[in-house]
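The following exercises ask you to read a structure step by step, each with a worked solution.

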Amino acid sequence: MSVELLNFIETVLNGLMSGIMYSLVALGFVLIFKASGVFNFAQGVFALFAALTLVGFQTGQVPFSHLINELFGTKFHHWYPEIHSFLAIFLTILTMIVLAWIIERLVLKHLVNQEPIILFMATIGLAFVLEGVGDLMWGSDVKVLDVGIPSGGSVWLENATIGLASEGSEYYGMYIDVLNVWATVIAVFLVTALAIFSQYTKTGRALRAVADDHQAALSVGISLRTIWVFVWAMSGFIAMVAGIMWGTESGVQFSLSLIALKALPVLILGGFTSIPGAIIGGLLIGVGEKLAEIYIGGLLDIGAIENWFAYFMALVFLLFRPQGLFGDKIIERV
Amino acid sequence: MRLKKLFMGMAVSVIAIGSFLEVATADLKFPMLVYRTGAYAPNGIPNADGFVDYYRMINARDGGIGGEKIVFPECETGYKTQVGVECYEKHKKGAMVFQPMSTGITYQLIPKATADGVTVYSTGYGRTSAKNGKVFKWIFNAPATYWDGASIAIRHILKQNLGNIRSKKIALVYHNSAYGKEPIRTLEVLAKKHGYKLMLLPVDHPGQEQKATWLKIRKSRPDYILMWGWGVMNSVAIKSAASIKFPMENFIGIWWSGSENDVLPAGAGANGYKALTFNAPGTDYQVHKDIKKYVHEKGNASGDGSHFGTVLYNRGLFQAMVQVEAANVAQKMHGTSKITAAMYRDGMENVNLDAKRMEELGFKNFSPPFKNTCENHGGSGLAAVQQWDAKAKKWNMITDYMYGDSEVVSKLIAEDSAKYAKEQKIALRCK
């Protein structure tokens with residue numbers, strides 16, 4: 001095989017892997033939008049908050065220690081040595097459930113039947129509040145996140161592909177980050193679990209009913225508030241998974257909240273209401289932006305085009321299919 | 001109606017009293033443009049803490065500068081240029097000096113501060129040609145500029161290759177902003193001079209996702225990588241370099257890409273990564289002992305005190321020290337402790353931080369000596385190379401402080417500043 005073709009395949013593969021990382025963030029948006037019609041601007045901050053909380057539990061950091069020490073002149077920083085990652089993940093899930101409950105009680109409950117734009121604005125406020133609370137709780141240092149997921153280039157793939165190039169050509173084998181492979185496995189598992197859950201469980205069916213029609217769901221006795229808490233908690237769980245993956249790659253720092261921007265073109269492309277759409281959209285955006293960066297950027301001798309190219313792709317798609325690839329078609333009857 | 005008038009009156013009184021207090025107590029006003037929130041907060045916080053601790057120490061130990069207390073109102077920029085300009089406008093009245101902590105903000109402030117008569121000190125960042133004091137009266141960027149940094153990195157590579165890098169390929173991975181683009185011109189000129197091939201690889205803000213950049217690097221196999229990064233971009237780049245098994249000893253960052261925040265997330269993979277620096281890390285200096293005694297032990301540390309001695313905290317100390325020293329010099333020059341902004345500028349232009357003065361200030365061997373003059377606002381241009389030891393989790397200085405290629409850099413500075421002077425119709429000073 002020619003080196004050019006192998007490089008092209010490598011770019012596509014890496015694009016697919018990056019796309020999965022975007023899909024992990026987009027999934028959280030889709031879940032909430034499906035169930036409540038709210039575009040949760042705070043989803044990126046959810047991922048940041050979950051990752052901060054996970055590292056905090058892992059390392060035994062006292063929440064709000066800086067504030068407590070400032071107020072009472074104490075020197076509390078850690079209350080126990082490091083704990084196992086599984087326990088920390090479990091505690092983080094509990095925290096995200098409590099957070100969902102608090103959001104429902106303090107925000108959503110009071111905004112039932114408001115215009116979608118009001119709910120959207122509320123989530124913007126929520127994003128800033130949660131970012132501030134995360135800072136107060138855990139501090140804004142860069143934190144190292146290690147839950148045991150391997151990362152780094154796959155030696156196996158490199159060795160397996162090094163011989164594929166035509167004889168005499170300079171080729172070093174294909175590169176894929178093992179962390180991204182794990183992200184793919186986890187995403188497949190998550191989507192499968194979500195599909196089974198929504199098809200075969202009572203709560204899942206209730207969730208779909210709420211997504212279809214709030215009023216009808218209420219009339220058959222489904223508690224909207226319980227469903228909302230449930231959905232926001234699930235979205236918090238997915239945010240934690242995204243936070244783990246992104247945090248392992250870059251360390252947990254406040255820029256993590258900006259990963260939401262990576263999910264937006266994915267949502268436009270895949271549709272706001274479709275879980276498979278979030279995955280397919282992520283894959284398309286991932287591949288598209290990597291090919292653009294390497295081939296179009298290379299051709300024009302410019303760089304850093306992948307960010308805006310993802311939005312360009314989404315815009316073009318929007319012109320032809322506003323509801324996204326798998327989104328529900330909007331039909332307004334007069 | 002009466003109630004409304006009463007409230008209005010109260011509000012006016014509060015504003016008036018507030019303004020009076022600010023003027024009455026703001027003997028020496030050093031406004032701080034900080035970013036304690038947002039994507040770049042992990043770098044902004046330790047740096048700001050260094051400033052605050054130093055000012056508090058000077059106020060507590062010496063009663064201020066020449067008996068005048070320092071006030072240092074903070075204004076949060078979030079590393080956003082427009083917000084930084086708003087902060088400047090808000091605090092410029094009565095201010096001695098602004099440290100923008102962003103090249104983008106510095107570029108915006110250069111014409112404004114020049115018109116307003118306020119000193120801007122961009123320590124080792126900002127517009128490189130501001131080193132030319134003949135053109136940039138109010139702007140200072142000592143002790144070294146980005147063009148010094150670029151040429152020092154190339155000099156280090158030259159040394160490793162016995163002076164011949166003709167066939168080498170050098171990549172610049174840079175933050176796609178005014179800051180990141182600053183060294184390109186110098187590196188292009190140096191590429192012509194030394195015959196190396198330069199690859200330019202921009203990374204968009206914030207730099208969380210860089211896969212395409214590192215695939216390009218993996219394919220083209222540069223011999224060396226230089227990095228002008230900031231925030232999360234640094235840690236992702238270092239981790240990506242380790243991931244593609246790039247030899248870390250051939251990866252050199254500018255001084256803003258060489259803090260603990262940048263290397264720790266990459267763990268053992270960051271071992272051997274190099275960065276330039278113009279100040280030492282650690283806490284073995286008199287200034288740290290004084291800060292412990294007069295600030296931390298009194299419970300007045302900025303933040304939780306956990307950044308004490310880190311690279312960016314120490315850089316904050318250095319920056320604050322130069323700003324305080326400029327006020328010291330100005331007071332002596334003009335024979336008054338109550339200096340004006342214009343007097344302060346004179347002080348900054350006559351700062352002479354030789355080894356003896358550094359020792360007196362508690363900074364013995366902390367940074368290379370430097371001196372500002374009317375012509376030279378950029379100091380000595382000296383920087384050293386430090387290398388990360390991942391096992392010991394510390395930076396080690398592996399070279400002495402060295403000069404860049406002054407022949408190339410001086411020529412470029414003269415060209416760029418002359419162009420600016422022509423555009424802005426600035427008459428040259430220092431004749």
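**Exercise 1: A helix and what follows it**

H2(B) is followed by B:Gly63, whose phi is positive, near 70°. The model is a predicted one, in which local features need pLDDT of at least 70 and side-chain atom pairs count only at pLDDT 80 or more, while totals for chains, interfaces and linings use all residues. Residues are numbered from 1 along each chain as its sequence is written, and chains are lettered from A and ligands numbered from 1 in the order in which they are written.

Task: find how far helix H2 of chain B reaches, and how many of its residues are buried.

Solution. Helices (H or I, at least four residues) and strands (E, at least two) are DSSP runs, numbered from the N terminus. Helix H2 covers residues 41-62 of chain B, which is 22 residues. A residue is buried if 20 or more other C-beta atoms lie within 10 Å of its own, exposed if 12 or fewer, and partly exposed in between, with C-beta atoms placed from the backbone. By this rule 19 of the 22 residues of H2(B) are buried, and the helix is mostly covered.

**Exercise 2: A helix with a kink**

Task: say where the kink in H4(B) lies, and against which elements its buried residues pack.

Solution. Begin with the length: helix H4 (residues 103-116) of chain B has 14 residues and should span 20 Å at 1.5 Å a residue, which agrees with the 19 Å between its end C-alpha atoms. Next, the bend at a residue is the angle between axes fitted to the seven residues ending there and the seven starting there; a kink of about 40° lies at B:Leu109, shortly before the proline B:Pro111. B:Leu109 is also one of the buried residues of H4(B), which include B:Thr103, B:Ile105 and B:Ala113. The elements against which the buried residues pack include helix H3 (81-91), strand E2 (32-34) and helix H6 (178-181) of chain B. Just after H4(B), B:Gly117 takes a positive phi of about 75°.

**Exercise 3: A sheet in chain B**

Task: give the order of the strands in the open sheet, and name its edge strands.

Solution. Two strands pair if DSSP finds at least two bridges between them. The open sheet has 7 strands in the order E9-E8-E10-E11-E12-E15-E16 of chain B, with mixed pairing. Its edge strands, each pairing on one side only, are strand E9 (197-203) and strand E16 (394-397) of chain B. Inside the sheet, strand E10 (residues 224-228) and strand E11 (residues 251-253) of chain B pair in the parallel sense over 3 bridges, and B:Leu226 stands opposite B:Ile252 in E11(B).

**Exercise 4: Chain A and one of its residues**

Task: describe the secondary structure of chain A, and decide whether A:Ser85 is buried, partly exposed or exposed.

Solution. Chain A comes to 13 helices and 0 strands. The radius of gyration (taken over C-alpha atoms) is 22 Å, close to the 20 Å of the globule rule (2.2 Å times the number of residues to the power 0.38) for 334 residues, so chain A is as compact as a globular protein of that length. Buried residues make up 48% of the chain. A:Ser85 itself is found in helix H4 (residues 85-106) of chain A, and it is partly exposed because 17 other C-beta atoms lie within 10 Å.

Conventions: The expected span of a helix is 1.5 Å times one less than its number of residues. Two residues are in contact if their C-beta atoms, placed from the backbone, lie within 7 Å.
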